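The stops below go from the whole chain to single residues.

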Amino acid sequence: MKQRVRLGFIGAGGIAGFHLRNLRSVKEAVVVAFADPNLDAAKQRATEVGLKVKEGKTVFADWQEMLDKVAMDAVVILSPHTVHCEQILASLKRGLHVLTEKPMVVTVSEARKVIAAAKETGKTVVVSYQRRFMSPFRFIREQVAKGNLGDLFFVESFVAQGWQRGTANTWRQDPKQSGGGFLMDTGSHIVDFTLWSVSAKPIAVTATLSNNGAPVEINDIVGIEFANGTLASIVTVGSAISFFEHYTFVGSEGVLRLEQGKVLWGKPHPQELWRAEWTTVEPSQMPPGSDPDRHFVDVVLGRAENESPPEDALKVVSVTTAAYKASARGQKVPLR
Ligand SMILES: NC(=O)c1ccc[n+]([C@@H]2O[C@H](COP(=O)([O-])OP(=O)(O)OC[C@H]3O[C@@H](n4cnc5c(N)ncnc54)[C@H](O)[C@@H]3O)[C@@H](O)[C@H]2O)c1
């Protein structure tokens with residue numbers, strides 16, 4: 001029998017384009033419906049994938065109606081953050097697998113509910129952290145895991161974006177819909193990559209967050225202590241003029257630096273104590289890349305283990321919400 005995965009989209013905004021592009025080359029994936037309160041957005045996306053636009057059949061203003069009426073195997077959740085939890089739980093309850101955009105949810109208790117529901121229903125939840133599937137990020141994590149940096153002392157993770165002005169007067173700056181600001185949104189990726197690559201248990205968080213005049217946090221400094229002694233700094237700057245991102249992993253045997261997709265490896269200099277020898281890691285030296293959508297279909301079809309599970313998203317939301325508490329209280333917050 002031909003294997004296929006029928007997918008319904010919950011949310012048809014900007015990021016739907018990324019997922020549809022990825023799914024175009026996944027031959028088992030069939031997109032069957034779109035739900036978005038902005039029905040025109042749903043219609044537009046349906047047209048893009050060559051679906052006949054029929055209200056109540058392929059396009060819906062109400063996502064629950066789509067779940068009621070359309071035969072499908074899985075959903076792709078691309079809505080504002082604070083509705084993710086309800087949509088994930090309802091989809092799992094109906095026996096659907098879930099690919100959800102980040103942040104999976106916005107509170108620790110919501111994350112625990114998702115983990116419990118996924119276990120109970122036996123359905124898959126993949127969180128769409130695309131960096132986990134990109135070669136440079138996979139390369140760095142692999143080197144850390146193999147011990148090639150020696151003891152990992154410090155990680156510096158940084159992202160900047162023109163987020164404050166770009167998202168002004170949208171749901172992203174309405175805490176009721178977003179659950180937070182730049183750290184909760186784009187910052188979720190770099191918190192996730194930091195936790196995923198260090199892999200030790202995060203045990204405490206310090207933070208200073210600034211709203212910079214906005215209704216949500218915009219410019220943030222977060223410190224994470226890990227059980228193995230590694231320290232990490234997460235810096236998210238939402239009031240920048242453009243997007244840029246970099247990471248530095250400092251170990252006893254070397255330094256790995258990732259800057260705008262390029263990886264540099266600093267190794268101890270054979271003669272000089274204070275210097276490193278730097279080389280650029282070529283793409284051919286890195287593991288192959290993929291994307292969350294292809295991976296999701298593979299997991300649903302039983303061809304891959306889930307590499308971005310809800311248990312890891314729980315760690316991200318634990319750190320993020322601890323940062324909110326730490327900043328508000330002016331105190332270090334231990335993690336349970
Ligand atoms: N992985 C990434 O790099 C990345 C990039 C951008 C966005 N995202 C994530 O994708 C999600 C959507 O972001 P976006 O950029 O597409 O936002 P967007 O504002 O472009 O689109 C959001 C869409 O959701 C719809 N919507 C509102 N309430 C809804 C509801 N209750 N149910 C279903 N749809 C609803 C809106 O009408 C809109 O069309 C967010 O979780 C965001 O963080 C991830």
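**Whole chain**

For 336 residues a compact globule would have a radius of gyration near 20 Å, and the protein, at 21 Å, agrees with that. The radius is taken over C-alpha atoms, and the globule rule is 2.2 Å times the number of residues to the power 0.38. This is a predicted model, in which local features need pLDDT of at least 70 and side-chain atom pairs count only at pLDDT 80 or more, while totals for chains, interfaces and linings use all residues. Residues are numbered from 1 along each chain as its sequence is written.

Show the C-alpha trace: along its principal axes it spans about 70 × 45 × 40 Å. Of the 336 residues, 45% count as buried (20 or more other C-beta atoms within 10 Å of the residue's own, with C-beta atoms placed from the backbone). Among contacts with a separation of 6 or more, 71% are between residues 24 or more positions apart; a contact here means C-beta atoms, placed from the backbone, within 7 Å.

Switch to cartoon for 11 helices and 15 strands. These are DSSP runs numbered from the N terminus, helices being H or I of at least four residues and strands E of at least two.

**Two domains**

Select 5-130 as domain 1, then 131-288 + 310-334 as domain 2. The bounds come from an automatic or database domain assignment. The C-alpha centres of the two domains lie 27 Å apart, and their contact takes 19 residues from domain 1 and 22 residues from domain 2. On the side of domain 1 that touches domain 2, helix H5 (108-121) and strand S6 (125-127) each supply at least two residues. H5 gives the largest share of that side, six residues.

**The six-stranded sheet**

Next, colour the open sheet with the order S3-S2-S1-S4-S5-S6, where the pairing is parallel. Strands S3 (59-60) and S6 are at its edges with a single partner strand each, so one side of each has no neighbour in the sheet. Two strands count as paired if DSSP finds at least two bridges between them. Zoom in on S1 (residues 5-10) and S4 (residues 74-77), which run parallel and are joined by four bridges. Within this pair, Gly8 has Val75 of S4 as its bridge partner.

**The ligand shell**

Which residues come nearest to the ligand? Of the 22 around it, they are Gly13, Gly14, Ile15, Ser79 and Glu101. A residue is near if its C-beta atom, placed from the backbone, lies within 6 Å. By class, the shell has 10 nonpolar, eight polar and four charged residues. Ala, Val, Leu, Ile, Met, Phe, Trp, Tyr, Cys and Pro count as nonpolar, Asp, Glu, Lys and Arg as charged, and the others, Gly among them, as polar.

Now select the open sheet ordered S14-S13-S12-S11-S7-S10-S9-S8-S15, whose pairing is mixed. Its edges are S14 (276-281) and S15 (333-334), each with a single partner strand, so one side of each is left without a neighbour in the sheet. Seven bridges pair S9 with S10 (residues 231-237) in the antiparallel sense, and Asn219 has Val237 of S10 as its bridge partner.

Finish at Glu217, in the loop between strand S8 (202-210) and strand S9 (219-226). Is Glu217 buried or exposed? It counts as buried because it has 26 C-beta neighbours inside 10 Å. Beyond neighbours within four places in sequence, the contacts of Glu217 include Gly180, Phe182 and Leu209. Its C-alpha atom is separated by 9.7 Å from that of Val237, 20 residues apart along the chain.

How values were computed
Two residues are in contact if their C-beta atoms, placed from the backbone, lie within 7 Å. A residue is buried if 20 or more other C-beta atoms lie within 10 Å of its own, exposed if 12 or fewer, and partly exposed in between; C-beta atoms are placed from the backbone.
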